[in-house]
Structure formats: C-alpha cells, structure tokens
Amino acid sequence: ADAQTKRKAGKPISADLFGIFFEDISYAADGGLYAELIQNRSFEYTPADRWGWHSFTAWEYVTKGFGYGAVNVESKSPIHPNNPHYVVLTIEEPGQEGIGLQNNGFDGIAIKKGEQYNFSVFTRLLSATPVPVSVQLRSRKGEVYGEVSFTADAKEWKKSSGVLTAQQTADSAVLVMVAKAPGSLAIDMVSLFPANTFHGRPNGLRADLGQAIADLKPRFMRFPGGCLVHGDGLENMYRWKNTIGPVEERKAQRNIWSYHQSLGLGYFEYFQFCEDIGAKPLPVVPAAVSCQNSGGTWRIGGTGQKGLPLEEMPAYINEILDLIEYANGPATSTWGAKRAAAGHPAPFHLEYLAVGNEDKQTPAFRERFKLIEAAVKQKHPEITLIGTVGPAPAGEDFEAGWAFADKNALQIVDEHYYEKPEWFLENKNRYDSYNRNKSKVYLGEYASRGNTWFNALAEAVYMTALERNGDVVRLSSYAPLLARTGHTSWNPNLIYFTGTTITRTPNYYVQHLFSNNAGDTYYPDIITLNNNKNTGVSCVKDSKSGDLIIKLVNAGETSVAAKANLAGLVARHTNAAVTVLTENVTDKNAAVTSATDKLEVDKVISYEVAPRSVALIRIPAN
Ligand code: AHR
C-alpha cells in the first residue's frame, strides 16, 4: 500500500524546467529580434567590430539629381559622449532630388504594404537657414514606397520624427534621407521601426520573431549570452548599466561574435520582453573576468588582464546589487526609479541571477566569484544564484567547477554541452545518478549538433530524462535560440530568420511540445515499454490545469509498444488528446507534422509509438 501511495504522490519537479537562452549571436539582437531597421544608425561601427567596418558602413552618400556637397563623420559636440560619432551633411547645391544619405538596412529593409513605420532622427543645424529634409523608403531602383519630411531648424541636437506608410511590400528597400536646400546639418540616430512591434512596445522587438519565441511558452529566459556576457577582454564585458536609458545615450560596443552591439535591446527591453511572454528573467552577469580569464590575448588590443583589479571589485559588486534593485526595488529606490522612468514602476520580479559563463576555474575567477556570491547572498538571500561549471559534459574545468560548487555549496550550477545526437541517446541517464544533496543543475546550453528530425528526436528523448530528473535539473535551455540566415556565427540554432521569413527547426517543434506540456510533479514507474537507447518516456502532472501528461519518444526505426498504468491517477474513463510529431518529408519548411487525435483512457493505456515520432497524451483532470 505504501508503494501505491508513493506512486500516486509522484515527486515534485521544477516548474521552471523548460526555458530559453537568448544570446546576441548570429545577429540575434541587432538585425534580429530588435526591430530597428536601420543598420549602424548612430555611425558607431568601427574596424574593431569587424575588419573593414567603419562609421559609414551600411550607408551611402546620394547625389542623384546633380546636386553636390559633402558628407563627413565628425565627433565634436555629439548628442552624448557615449555616442561620439555623427555625420555632417553640407549641401552646396541640392539639385533636383536633394543630396543626403541612404541606409541599406540589414540585407535591405523589409516592409509590408499598408503597414506604418516610425522614423526618427537627431539633427543639429550648422548653417543659418533651416534645411528641409525628405525621407523616403525606396527600392534600389528609385521607386518610392513611402515618404515623410521634416525641417532641421535647431542649433542644438533635436529629435524629429514622422510616420511612413508602405505602399508596397518589399524585402529589400532602402531608406533615403535627402536635404532639399543649401545649408549644413549634423545627423545622428537615424531610426526606423515598424509601428507594429511585439506587444506594441516602443523601441521594441520584431512582432513575428517575438511571437515565435512566445509560442514556446518558456518558463524563463536567460540573456544576454553566452560568451557575449564576459566578452573577450575586460573592456568588452557586458555592463548592464550601459544598456539602459535613452537609446541615444547608450554606449554601443563590439560584439564578441564579430559585429556590433547597438545595445538598443538592453536590460529594460529584456525584462519587458520576459514579462510580455510570461518568462522569468534570468540575467547572466560576468564574474568580473573575461573569456577564459584571458584578457583577450589572442586579438589586437587584448590587454591580457585576467580579471577586474581587486580594488575595482566593490564597485563592480555594487553594479550587480544595483541590477537587483533595478529589477525588484521600489520605484522610489535609486535604481527602481530608473526602471519607473523607463515606463515600468512595478518590479520585474527577478528570482534568478547567473554569475559567469563557462569560465576557466582559475584563482582569479574563483576569488571574484566568491566576492560576488557572498555579497548577493548577504543582501539578497531571496535571489537564487547560479554558478558556472564550464564547458561540459566532462573535462578539467567541468570537474574543477563541480569541486568548487561542492565546496561552496552553490545553489545551482550551469552546465553546457553540444554533442552528437547519439551522445544524447547514450547519455540519457546522466542525471539519474546525480547526488540530490549537492548543487542543482541549470542545463543552460545544449543542442545535438544538427537540425534534422533525428537531432530533434534525440533531444526529445533527453528531455524526457530531464523531466525524470526535474528534482535535480531545475532549468534547461536549448542554445542558441536565433540566427539570421547568412550571418550565422554558430550552428545549429533553434530558429532561423531573414528580414521576412522565420524557419522553425524540427528542434523548435520538440521544444514547443515539451514546454507547452510541462508539469510540476513527475510520476515514475507508470509507463512500461521495450526500453532501449532510442526511447524516452515521462509522465507528469501540471498542477495548474490538473492534466496528466504522458510523453513517448521513439527515435528508432521500428515501432514500440508502450503501456501506461494509470491506476490511482485517473479516476474515471475519459478522453485524452493525442499529439504526434513526425518528420514532414514533403515540406522542409514545415519540418514537422503534428497530428492530433482523441484517445479513450481508462486505467491502462496501450499505445504503439510509431518509428521516429514523439507522442503526447494529455489527459484532462477529472
Ligand atoms: O551558444 C553559443 C556559445 O556556446 C555560447 O556563447 C557559449 O557560452 C558557448 O560556448
């Protein structure tokens, strides 16, 4: 009877098991989720971002109608010292069409017929008479898709804005901004956003990509990286305070993945997005050391300095404590007031904070990590702090990371691994033997190497094991989430996109199925099947809906008979919904076929799991 009661009670597992990992890699932020359509809007690109880039990258000087003048990049009296460069346009003769600038966007500017686009720009008039400026969305051949105008008339920096309505759909338009009278003006922060951003937020995110992410129903979102967090030199570390406040005052910086971070998508926008999609925010801050504690010695300008000097640690620790106040403090607190000023007086309910990313377990790292951890624990015991155990699934740093975690009784540690699909099948029991009394696990980055259906199946098998071990694995996130086709710094990814398209990979559909059907109680010993390395099963209950959810994964080539004994869990005969994912062999863009059906459920379910499929049986509460 005891065994029966135990069986019926199940074991509590993490309600936050399935989340997402967002890193600004492969144009995931600028040119990606961040909806800004103008590339290099503030003329801050430099050769350090990428070889050959400069202040005028993505821009062209246009003098089509026989006008003439000059364009220069200058830096005297900028809008803000954090945003030092701007363009000076001098118009000697505007010609018939005016002279000025053209921006080519990120692989062109994608627009949709009938949709509105919010244009804005900062100008400073350098000549005596005001200069009228025309702004057009055009095809590269000159066809006009939408137009607005303004007059540069202020001697100090002034923001002008207007709305353009697209008269055509085009995936590769350009923005042309030309002055129509002689004069001279300084220009900066040229911006164009679709009016339709995700949840209509200003300075917002791409609606379609935001929705594809929201559809995953992630329980948490880790941001802003990855390696991006620690950077490849102390000056390249991601400092959250540089990413809040008016966008024209944010300090752009080099992206470790060889491009540029405008930081227009900054901490406020991350928190806001998390709230909009119902995900708990999980920021990762650097542990005051840069990539592999190297100080970026492999690149030009790398100082080799291993970590922030110890005398700078008190200030750095305050920076982290301020982040907690920014997220959770009352609107009357110093940093809570900045959140309120950005339009969000209510707190963002930060629960998790990760410190470090795959850091080498050196004395420099450990010393700094311990200082940060002690300060956070002391001032904010309510925050769950997540440490790092370096690149996994094994190896020197991994072992050393765990030894450090054990010694310091860390609450949760972050494991990362990218392996072949076979590895995931062969290692599906990895967490069964983890010591329940030690640190818990955040599987912060994982992926089987590839986007085939077999990769997705291997991950699905593994995810059933994550559920089985949801008492020790508290959080998990596939990585990376987003990549712009043609700009991938890393493969595979969960979602690929261009300016107009979104491709959900087979791996996405598996994440979607698991995350939308997660539970918080796990029932062992419910399902029997011919268990082999290609199969994975789980039975969980979602306490919110009361539904019982069975997942049956078969990555093998032959069908497998499964039986679920629900005695004590299902009170009466009922109808369950069955969803089966299989490979879509006819339409590669759809990747996966999802078929739904009904199943009559009694105390015992018998189900034949088709080869290469994931079956989900959702039994409503009764
Ligand atoms: O996910 C891509 C990269 O893989 C991350 O930036 C890093 O943490 C890991 O090595």
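**Figure 1. Domain organisation of the predicted model.** The protein is divided into domain 1 (2–13 + 521–619), domain 2 (18–35 + 197–516) and domain 3 (59–194). The model shown is predicted.

**Figure 2. Contact of domain 2 with domain 3.** A distance of 36 Å separates the C-alpha centres of domain 2 and domain 3. Domain 2 gives 13 residues to the contact, and domain 3 gives 13 residues. On the side of domain 2 that touches domain 3, two residues are nonpolar, seven are polar and four are charged.

**Figure 3. Packing of helices α6 and α8.** Helix α6 (residues 313–328) packs with helix α8 (residues 363–379) at an angle of about 45°, and the axes of α6 and α8 are 10 Å apart. The two helices, α6 and α8, are therefore oblique to each other. Their crossing, that of α6 and α8, is right-handed.

**Figure 4. Residues at the contact of α6 with α8.** From α6, the residues Met-313, Ile-317, Ile-320 and Leu-321 take part. They meet Arg-368, Leu-371, Ile-372, Ala-375, Val-376 and Lys-379 in α8. The residues of this contact of α6 with α8 comprise eight nonpolar, no polar and two charged.

Figure 5. The residues around the ligand include Glu-23 and Ile-25, together with Gly-225, Gly-226 and Cys-227. Also around the ligand are Asn-357, Glu-358, His-416 and Glu-445, as well as Ala-479, Pro-480 and Trp-490. The shell around the ligand has five nonpolar, four polar and three charged residues.

How values were computed. Residues numbered from 1 in each chain as written. Predicted model: local features only at pLDDT ≥ 70, side-chain atom pairs only at ≥ 80, totals over all residues. Axes fitted to C-alpha atoms, helices over the stretch in contact; angles between N-to-C directions. Helix = DSSP H or I, 4+ residues; strand = E, 2+ residues; numbered from the N terminus. Parallel < 35°, antiparallel > 145°, perpendicular 65-115°, else oblique. Left-handed = near helix turned anticlockwise from the far one by under 90°. Contact = placed C-beta atoms within 7 Å. Nonpolar A, V, L, I, M, F, W, Y, C, P; charged D, E, K, R; others polar. Near = placed C-beta within 6 Å. Domains from an automatic or database assignment.
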